[in-house]
Amino acid sequence: MLAIGADVHMKTTTFFALDEEGKPLKEFNRLFKRVPSNLEGYSQVCGYLEGKEYQILVENSSKTHDVEWIAEELCMNMIVGHSPDLKKITQSDTKTDDNDAEDLAMYLLARFAGAMQFHVCYMCDRETMMNRQLCRLAKLEMMERGKIKRRIRSHALVFGIQLGKIDLTSKTAMKMLRIKNDPIFDGLVSMMEDSLRRQKELEKLIEQKFKGDRIYEKVCEIPYFGSVTGAYLSSYIADISRFPDSKSFVASLGLVPRARNSGEKVSHCTITKKGDPHARWLLIQATIGHVRGCADSPGTEFFNRKNGGSLAERKEREEEIVLNRSAIVAASAKMATIIYTLVVKDRHW
């Protein structure tokens with residue numbers, strides 16, 4: 001089987017092929033050194049490879065989905081490698097299109113020989129990606145409101161205005177800020193209202209698109225897991241059978257600790273943060289809301305053990321930090337395990 005590396009860019013793709021013995025295919029490499037990254041360009045490569053056994057390896061990037069969909073339309077045998085695993089490329093001192101394509105071909109050749117040096121990415125279809133992008137836009141609005149809140153509190157701090165621990169997105173809080181006749185507060189409240197309006201429109205669209213989606217409805221049953229989190233996790237999971245067990249699902253979210261082994265010593269470090277950062281962020285934010293508002297949940301009980309007590313107990317002890325970051329990450333991993341169980345075993349919260 002031919003091992004072919006493809007270094008993809010917005011306009012062109014560089015292909016490089018090796019035979020089973022690791023020798024370059026000179027004619028192929030000359031013909032397809034620079035190919036347009038579109039259907040026409042890939043059709044030429046597909047025509048040359050017709051009747052041959054081959055596999056193409058592409059490094060994951062923002063352009064990868066587009067070329068993967070083209071390759072799928074042409075029935076090309078293409079896989080996408082997880083970018084952080086391809087260290088020979090990402091950490092190279094001589095990074096060129098030609099070198100990257102050749103290195104990808106060598107990674108693939110090693111894989112044929114049994115060396116699993118990289119993970120293969122799951123590539124969703126166009127509709128699923130569109131759903132993800134819609135949820136990411138809603139997530140962006142959520143993050144923007146967080147910035148507006150911080151600006152409001154920062155401005156209040158500068159001028160000695162006491163706001164207390166009120167919800168700045170509530171109508172009561174915004175009305176209170178309006179009557180202060182402060183042009184900065186007026187401008188920030190207007191920004192907050194615009195963001196809330198856009199968020200409401202996006203959530204309405206998301207709810208319409210995901211109505212009847214089994215995974216979405218399972219996730220949304222969990223208290224404080226809203227429509228955006230449910231929709232994104234549903235579009236992220238897509239096919240639950242691609243995860244053999246709950247551990248692999250949690251690992252795909254980057255919520256497992258790195259392990260370092262040296263002799264007889266095993267050290268567990270910070271989480272890997274591999275996988276989709278949007279899914280991880282939404283899951284963690286939803287888990288924070290869950291442990292704050294759902295006292296009798298298995299996830300909250302797990303969090304309390306890791307946190308050295310509940311949030312209320314730590315407040316009573318007047319501890320400086322009431323919510324331990326590592327505890328909320330561990331609780332998020334627990335919630336991911338619960339979500340996997342709900343979906344696979346078709347259970348209700």
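Modeller: Let us begin with ring pairs: two rings of Phe, Tyr or Trp pair if their centres lie within 6.5 Å. The model is a predicted one, and by this rule it holds ten aromatic pairs. One of these is formed by Phe 28 and Phe 32, with 4.9 Å from centre to centre and 55 degrees between the planes. Ring pairs also link Phe 15, Phe 28, Phe 32, Tyr 42 and Tyr 48 into a cluster.

Biologist: Why is the pair of Phe 28 and Phe 32 called tilted?

Modeller: Planes under 30 degrees apart count as stacked and those over 60 as edge-to-face, with the rest tilted. The planes of Phe 28 and Phe 32 are 55 degrees apart, so the pair is tilted.

Biologist: Are Phe 28 and Phe 32 buried or exposed, and what makes them so?

Modeller: The term buried requires a relative accessible area under 20%. Phe 28 is at 1% and is therefore buried. Phe 32, at 6%, is buried as well.

Biologist: What makes Lys 52 a charge over the ring of Tyr 48?

Modeller: The distance criterion is that NZ of Lys or CZ of Arg be within 6 Å of the ring centre. Lys 52 lies over the face of Tyr 48, at 4.9 Å from the ring centre. Elsewhere, the charged end of Arg 242 sits over the ring of Tyr 236, at 5.5 Å from its centre.

Biologist: How do you know how helix 13 and helix 15 are oriented to each other?

Modeller: Helix 13 (residues 298–307) packs against helix 15 at an angle of about 155 degrees, and their axes are 9 Å apart. An angle over 145 degrees counts as roughly antiparallel, so helix 13 and helix 15 are given that description. Their crossing is right-handed. Residues of helix 13 making the contact include Gly 299, Phe 302 and Phe 303, while those of helix 15 include Ala 327, Ala 331 and Met 335.

Biologist: What is the setting of Met 335, and why is it called buried?

Modeller: Met 335 lies in helix 15 (residues 325–344). Its relative accessible area is 1%, under the 20% limit, and so it is buried. The C-alpha atoms of Met 335 and Gly 299 are separated by 6.0 Å, although these residues are 36 apart along the chain. Leaving aside neighbours within four places in sequence, Met 335 has contacts that include Ile 222, Phe 225, His 290 and Trp 349.

Biologist: What makes the phi of Cys 75 and that of Asp 346 worth noting?

Modeller: Most residues other than glycine have a negative phi. Cys 75 is not a glycine, yet its phi is positive, near 60 degrees. Asp 346, also not a glycine, has a positive phi of about 55 degrees. Cys 75 lies in the loop between helix 3 (64–73) and strand 5 (78–81), whereas Asp 346 is in the segment after helix 15.

Definitions and conventions:
Residues numbered from 1 in each chain as written. Predicted model: local features only at pLDDT ≥ 70, side-chain atom pairs only at ≥ 80, totals over all residues. Heavy atoms only, no water. Phe/Tyr/Trp six-rings, centres within 6.5 Å; stacked < 30°, edge-to-face > 60°. Buried < 20%, exposed > 50% of the residue type's maximum accessible area, 1.4 Å probe, protein only. Lys NZ or Arg CZ within 6 Å of the ring centre and 35° of its normal. Helix = DSSP H or I, 4+ residues; strand = E, 2+ residues; numbered from the N terminus. Contact = heavy atoms within 4.5 Å. Axes fitted to C-alpha atoms, helices over the stretch in contact; angles between N-to-C directions. Parallel < 35°, antiparallel > 145°, perpendicular 65-115°, else oblique. Left-handed = near helix turned anticlockwise from the far one by under 90°.
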